Amino acid sequence: MHPEGNWWQRLRGRFTRSAAAVETRPVPGEGHHGQAEESLRALLDDPQVPQAVRSSLAADFERLEAMLGKLERDELHLAVFGRVSVGKSALANALLGENAFEVGVLHGTTREATPRRWQEVAGSGVHLIDTPGIDELDGEAREQLANEVAAVSDLVVFVVDGDMTTREREALVQLARTERPLLLALNKADRYDDEELARLLARLREHATSLVQPEDVVAVSAQPPPLRRLSIDADGHEQAEMIPQVANIDALRSRLIEVLTREGRTLAALNASLFAGRLTDAVARRIVLARRELAAKVIRQYCIAKSIAVALNPIPVADLLAAGALDAALVMHLARVYGLPITRREAGGLITTICAQLAALMGAIWGIHLVASALKGLSAGMSTVLTASAQGALAWYATEIVGRAADRYLAAGKSWGDLGAKRVVSDIVASLDRDSILREARGEILRRLRNRDALEP
């Protein structure tokens with residue numbers, strides 16, 4: 001977490017409250033803007049998103065709601081980004097024509113992230129956002145801040161005050177990955193003569209190649225220092241007067257208005273749609289993860305059920321890989337978890353395929369080693385309970401393989417994929433710690449059998 005970790009939370013809260021304050025919603029606009037509104041609203045209201053997934057992605061859904069409110073109010077958000085002391089706040093103030101943002105050279109001066117209305121461009125209200133500086137942040141924190149800035153912005157002005165540092169270049173690259181349009185502003189341009197300024201702008205355009213369009217690299221003087229003027233008074237004494245200088249940001253202002261007039265509403269719609277797309281992917285991943293976690297619990301329950309059944313009524317080891325009623329029930333249960341219900345006949349066919357591949361894979365020698373692993377550690381005069389636990393452990397292990405293979409098949413939409421059933425089953429067997437599973441199974445079976453015996457009169 002970066003040092004300004006609460007920055008996004010404060011800003012998100014303001015946007016969310018602002019969105020909630022809108023009592024009436026305008027009719028969605030035409031084209032991309034209206035489509036983006038409908039897309040965001042559909043995702044927010046999607047009844048197929050489980051409540052658990054909504055809760056785990058609560059912050060993202062709040063951000064989506066704020067974006068929808070922004071689109072409905074026809075707002076554009078412009079963020080000013082850069083190092084501490086390059087003049088971010090001063091530039092934002094110069095654009096606004098008032099001292100709305102605190103200006104200072106100390107790190108952390110910008111802590112409050114209040115969006116300020118700038119002006120209306122092509123019918124959209126443009127809001128400026130000042131951001132914390134990127135100084136003293138490591139790569140991960142810089143990337144997080146860049147993502148947070150992009151999340152609330154339709155356009156970003158990246159401010160530097162000289163040749164770009166390595167850290168600034170890295171931050172610019174990270175911002176560019178968010179797919180937000182970028183303008184690069186060289187502030188404090190009044191410090192350079194015309195020749196030096198031209199060379200420096202050329203260097204910045206070189207640094208920003210493929211990240212920022214050449215015409216979007218401009219020079220500004222957001223807060224030029226006052227001029228010292230000397231004069232002689234009536235008594236012949238020399239007087240010094242400090243003459244304030246007017247900010248020179250015309251190149252940036254005109255470029256911003258040009259871009260926002262031409263592309264503003266499209267940018268807002270595109271950025272909202274990009275975020276909605278990423279959130280949709282995140283929702284899908286969470287749903288898959290939730291299903292995988294539930295599937296793992298279901299497999300374990302059936303492993304316990306089958307192993308106990310076998311332990312109570314031992315059957316020959318050779319029959320443990322055969323498709324049984326419990327294995328069919330397991331496959332059908334997993335199919336319901338993935339929303340892909342199948343018939344008992346389909347479940348039986350799937351189990352037959354899995355067991356056939358498993359039998360071909362293990363062979364007779366592997367089977368002998370499996371039995372040895374199950375019986376390992378037992379005394380020569382083992383009791384019926386210990387023998388039953390060993391056979392039950394084999395049933396557990398076989399069901400674990402069947403369950404995991406079926407899980408892989410169903411998670412892929414009833415498909416073995418390009419590798420086929422043989423490779424899938426082989427990979428699962430190779431990934432399992434056989435001895436560990438057998439030890440766990442024997443321990444669980446013995447515990448349950450002893451508890452059962454203790455309850456019997």
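This is a predicted model: local features need pLDDT of at least 70, side-chain atom pairs count only at pLDDT 80 or more; totals for chains, interfaces and linings use all residues.
Close-up 1. The pairing of β1 with strand β3, residues 124-130, is parallel and comprises six bridges. With strand β4, residues 155-160, β1 likewise pairs in the parallel sense, here over five bridges.

**Close-up 2. Burial of strand β1 and the two directions in which its residues point.** In a regular strand, side chains alternate between the two faces of the sheet. Glu75, His77, Ala79 and Phe81 point one way from β1, whereas Leu76, Leu78, Val80 and Gly82 point the other way, and all of these residues are buried. Because eight of the eight residues of β1 (residues 75-82) are buried, the strand is largely enclosed by the rest of the structure.

**Close-up 3. The crossing of helices α4 and α9.** The axes of α4, residues 58-72, and α9, residues 250-312, come within 10 Å and cross at roughly 160°; as angles over 145 degrees count as roughly antiparallel, the two helices are therefore roughly antiparallel to each other. The crossing in which α4 passes α9 is left-handed.

**Close-up 4. Residues in the contact of α4 with α9.** On the α4 side the contact is made by Asp60, Phe61, Arg63, Leu64, Met67, Lys70 and Leu71, and on the α9 side by Ala268, Ala269, Ala272, Phe275, Ala276, Leu279 and Val283. Divided by residue type, the contact holds 11 nonpolar and three charged residues, and no polar ones.

Definitions and conventions. Residues are numbered from 1 along each chain as its sequence is written. Side-chain values use heavy atoms; hydrogens and water are left out. Buried means under 20% relative accessible area, exposed over 50%, partly exposed in between (1.4 Å probe, protein chains only). Helices (H or I, at least four residues) and strands (E, at least two) are DSSP runs, numbered from the N terminus. Two strands pair if DSSP finds at least two bridges between them. Axes are lines fitted to C-alpha atoms, for helices over the stretch in contact, and angles run from 0 to 180 degrees between N-to-C directions. Angles under 35 degrees count as roughly parallel, over 145 as roughly antiparallel, 65 to 115 as roughly perpendicular and the rest as oblique. A crossing is left-handed if the near helix is turned anticlockwise from the far one by less than a right angle, and right-handed if clockwise. Contact means heavy atoms within 4.5 Å. Ala, Val, Leu, Ile, Met, Phe, Trp, Tyr, Cys and Pro count as nonpolar, Asp, Glu, Lys and Arg as charged, and the others, Gly among them, as polar.
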